[in-house]
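I am opening a new page for this structure. My plan is to look up how its parts touch one another.

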Amino acid sequence: MALEYDVVVIGGGVVGGAVARELSRFAVKAAVLEKEMDVGFGTSCRNSGVLHAGFNYAPGSLRARLDVRGNAMMDDICRDLKVKIKRIGKLTVALDKEDEATLHRLKEQGDANGVPGLELIGKDRMQQIQPGVEGSLALYSPTSSIISPYGLTIGLAENALANGVDFHLGQQVASITSLAGGGWVLGTKAGETFTAKVIINASGLFSAEICRLAGISDYVIYPCRGEYYVLDKRLDGTLKALIYPAPKKNAPGLGIHLTPTVDGNILIGPSAEYLNASEDHSCTADVMKELRREGQELLPEIRMTDYIRNFSGIRPKQTPPEVGGNKDFVIEDRKDVSGFINLLGIESPGLTCAPAIAEMVRGMVERHIPLHPDPSFNPVRPGSTFFFSELPAEERVSMIADNPNYGEIICRCEKITKQEILDAITNPLGARTLVSIKYRARASMGRCQGGFCVPRITRILRDEFGWAPEDFIKRSTASPLFAGNVRSVKGGGVR
Amino acid sequence: MNMKNGTIPIICREVVVIGGGPAGLAAAIAAREAGCGDVLLIERDRILGGILNQCIHDGFGLHTFGEALSGPEYADRYISKFRDLQIEAMEETIVLSLSRDRVIEVSTRGTFQRIEAGAVILAMGCRERTRGAISIPGSRPSGVYTAGAAQNFMNLENIMVGKKACILGSGDIGLIMARRMTLEGATVEAVFEILPYSSGLPRNIQQCLNDYGIPLHLNTTVTGIVGTGRLEGIRVAQVGQDKAPIPETERFVPCDTLLLSVGLIPENELTREAGVDMDAVTGGAVVDDSFMTNVPGIFACGNVLHVHDLVDWVSVEAGEAGKYAACYVQNGSCALPCLIPVKPGDGVRYTLPRKVSGERDFVISLRVAAPWRDRSIVVRSGEREVARRKHMRLHPAEMIRIDLRKESVTGCSSLEVVVE
């Protein structure tokens with residue numbers, strides 16, 4: 001039996017989630033199909049977590065318009081969805097005359113794009129904003145910000161779910177067939193069937209493949225990997241603002257730099273390396289060495305013990321390595337293939353643009369099906385989606401008195417309480433992987449990398465949720481954590 | 001106390017020990033026995049004993065009790081004494097912060113409170129170095145564990161972490177886990193060690209690897225982790241003298257589990273927060289001969305101070321710290337002016353303490369920088385030889401302790417410890 005929908009969104013990343021939430025404002029039957037076991041397992045949660053101001057993109061481009069709009073929408077979104085955001089601003093720094101010319105050009109471009117508050121500032125102002133920063137001139141962009149990419153991606157999806165959008169996790173689309181009278185049938189690798197009047201392709205790295213399934217062969221995606229180092233919170237507070245080098249012509253990214261995260265870590269990265277495979281999230285010895293070198297140069301206080309983790313994310317680029325640079329997003333309501341809305345090549349600044357893309361997509365959907373506002377739409381994400389340890393002590397005392405689980409610390413590095421772990425385990429999307437708990441509660445993201453908390457989380461899942469060793473998976477059923485019990489336990493009750 | 005209105009409860013204790021492992025237990029007992037009636041021990045786990053609880057192998061207590069105990073048995077000797085002395089303990093309690101004036105914030109099920117301490121003994125132990133800390137390249141499959149976490153899963157949670165394992169690092173926990181996994185039916189392919197010698201105790205090499213035919217590959221490291229879901233294998237390569245992998249020696253070893261036993265990091269986040277001066281070599285606090293840090297009333301002992309090889313020495317050292325902490329609260333201070341610096345010289349990686357008063361007997365703990373045969377450890381003050389200890393073999397894995405009487409350093413302005 002096929003599940004019938006008005007709109008099916010393919011891909012549960014930040015763009016898919018934003019589109020789903022936008023559609024949930026209306027009385028329309030919508031679903032998100034996500035091939036992974038949780039939302040945000042692709043590029044959406046593997047990036048710098050930066051909201052861009054919008055001066056890097058050519059006036060009139062989709063990226064220029066959507067970035068400025070998306071950035072401006074984020075305060076309301078983060079308040080409603082309880083997502084961590086810090087409006088710390090950014091210095092794009094010139095080290096030579098060529099860079100200075102670039103900054104003048106970027107300032108004009110940004111002004112033309114409607115970026116608020118852009119200023120070219122000299123050494124004194126630069127030092128006030130970030131003591132010790134090098135360079136002769138900087139472009140200061142106050143709307144450049146840092147955000148929790150996990151919080152945003154999951155928050156959008158959970159709010160869409162709460163407002164009636166269905167999320168089907170672990171459903172990889174394998175076939176797309178158009179129906180004679182209009183509309184689509186989607187088949188998944190797991191053997192499920194879905195029908196839709198309108199399909200929205202928000203599948204990131206796989207957007208060209210999804211196009212081909214629908215008979216569109218215009219596009220190629222070139223995966224381009226960026227590797228990062230995560231640094232210990234010891235260095236929290238070192239960076240007062242985002243500091244970027246002036247961009248170089250035809251570089252595939254914005255250059256290796258240091259980015260503070262909303263949680264108090266610092267990221268070194270990202271590198272840029274074109275790949276043959278879309279899902280190779282490896283980190284490589286040569287790049288790691290280069291990142292350490294560059295990080296040390298930018299921040300000499302970094303010690304060996306400050307490196308706590310590596311990760312990588314993959315940009316869905318439309319430009320091949322021999323061309324370099326990047327191309328504007330494709331956001332199109334296909335005329336030749338009716339009812340197929342295509343979102344392709346959404347690389348940086350996709351995180352910033354996501355809510356603005358969603359508004360644009362809503363307009364496109366409206367051409368196919370009538371959208372009547374749903375009066376029951378609630379933009380506010382319920383539940384306790386704060387980090388307990390960041391609350392004032394007095395508030396924590398009262399909350400612990402009401403709920404003893406807030407007194408029990410499970411992740412000692414990040415000071416995550418048992419109640420926060422329980423909330424993550426029982427998340428409304430029903431994502432039941434260890435990474436799902438990590439993305440929601442931050443447990444195991446600290447300096448011990450789960451050595452302390454993972455055994456404790458395991459105990460909670462076993463004792464309070466009845467999990468057997470084989471139920472524990474890292475990201476998917478292909479990544480089991482354990483190989484059964486050491487000894488079989490007879491008689492029950494004893495372990 | 002009414003917590004509903006958000007007032008933070010405050011209690012006062014004379015000596016507060018942070019950590020209920022071997023160091024914390026011995027420190028609390030010693031403080032109590034030195035006459036301090038108001039000792040509180042804070043432990044984050046459900047039970048006292050710390051990491052000893054998951055160390056179900058034997059070999060603990062040979063020096064102290066003259067018998068080979070298991071970890072839990074060794075812990076029990078101290079826990080029984082702790083209970084007999086009716087020392088107060090807060091279990092399942094985590095210390096969130098420690099200030100320079102010794103105010104401790106703790107969180108436990110149902111309560112959050114502040115404790116004002118007359119003296120604080122830091123006994124938090126250490127954590128394991130992770131994959132991220134040593135930057136192993138490759139993908140991120142499941143099946144990569146630190147050896148201690150794997151030991152926790154196997155011995156405390158009855159969970160098998162894998163069936164076919166490799167181990168990186170020949171530290172003691174890695175060696176113990178090689179044997180443990182073999183005994184429970186897993187295959188352990190090999191142990192790889194980047195150094196030209198093992199960083200574990202010789203008895204563990206014999207009893208955990210040789211006795212089970214598990215090969216130890218020295219000068220070899222893991223250069224890549226392979227697998228998209230579960231670990232499929234690792235790439236290993238020999239390293240040159242610069243510790244850099246030699247590409248032509250790289251090979252693939254199939255396995256579903258990689259255990260990391262690549263070092264321990266003293267857990268000193270609270271220590272730093274309190275403004276305590278740190279030693280870059282040990283990763284622990286700088287202390288004087290009473291185990292007090294530069295912050296008056298804050299003491300440190302055990303693995304949080306420097307990583308020990310044997311728990312017996314942890315207990316001995318913590319006992320000293322406990323005694324001096326009690327003295328501090330009873331007399332206002334026990335510190336004597338420590339004007340004699342102790343420096344590591346040729347062949348010595350570190351010495352602890354780094355300064356002594358010379359007005360009481362003391363112990364210098366040290367580790368050598370490389371393995372040697374038939375050498376002596378010599379303590380000197382300029383041209384004058386203060387002490388000399390002959391060793392048939394010296395090994396960086398072993399901690400060396402030199403007992404010195406105060407008379408032997410009379411008139412010394414500084415001390416240097418060297419290997420000759």
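The model I am working from is predicted.

Entry 1, domains. I began with the distance between two domains of chain A: the centres of domain 1 and domain 2, taken over C-alpha atoms, are separated by 27 Å. I then looked up the bounds. For chain A the assignment gives domain 1 as 1–83 + 147–220 + 318–382, domain 2 as 84–146 + 222–317 and domain 3 as 391–471.

Entry 2, domain 1 against domain 2. How many residues of domain 1 of chain A are in contact with domain 2 of chain A? I noted 39 residues of domain 1, in contact with 37 residues of domain 2. On the domain 1 side, strand 3 (50–51) and helix 2 (62–81) of chain A are the elements that give two or more residues. Helix 2 of chain A has the largest share of that side, with five residues. By class, I recorded 18 nonpolar, 19 polar and two charged residues on the side of domain 1 that touches domain 2.

I turned next to the contact between the chains, which takes 47 residues from chain A and 45 residues from chain B. Which elements of chain A each supply at least two residues of the side that touches chain B? I listed helix 7 (285–298), strand 18 (307–317), helix 9 (393–402) and helix 12 (453–465). Helix 9 of chain A gives the largest share of this side, eight residues.

Conventions. Residues are numbered from 1 along each chain as its sequence is written. Chains are lettered from A and ligands numbered from 1 in the order in which they are written. This is a predicted model: local features need pLDDT of at least 70, side-chain atom pairs count only at pLDDT 80 or more; totals for chains, interfaces and linings use all residues. Two residues are in contact if their C-beta atoms, placed from the backbone, lie within 7 Å. Helices (H or I, at least four residues) and strands (E, at least two) are DSSP runs, numbered from the N terminus. Domain bounds come from an automatic or database domain assignment. Ala, Val, Leu, Ile, Met, Phe, Trp, Tyr, Cys and Pro count as nonpolar, Asp, Glu, Lys and Arg as charged, and the others, Gly among them, as polar.
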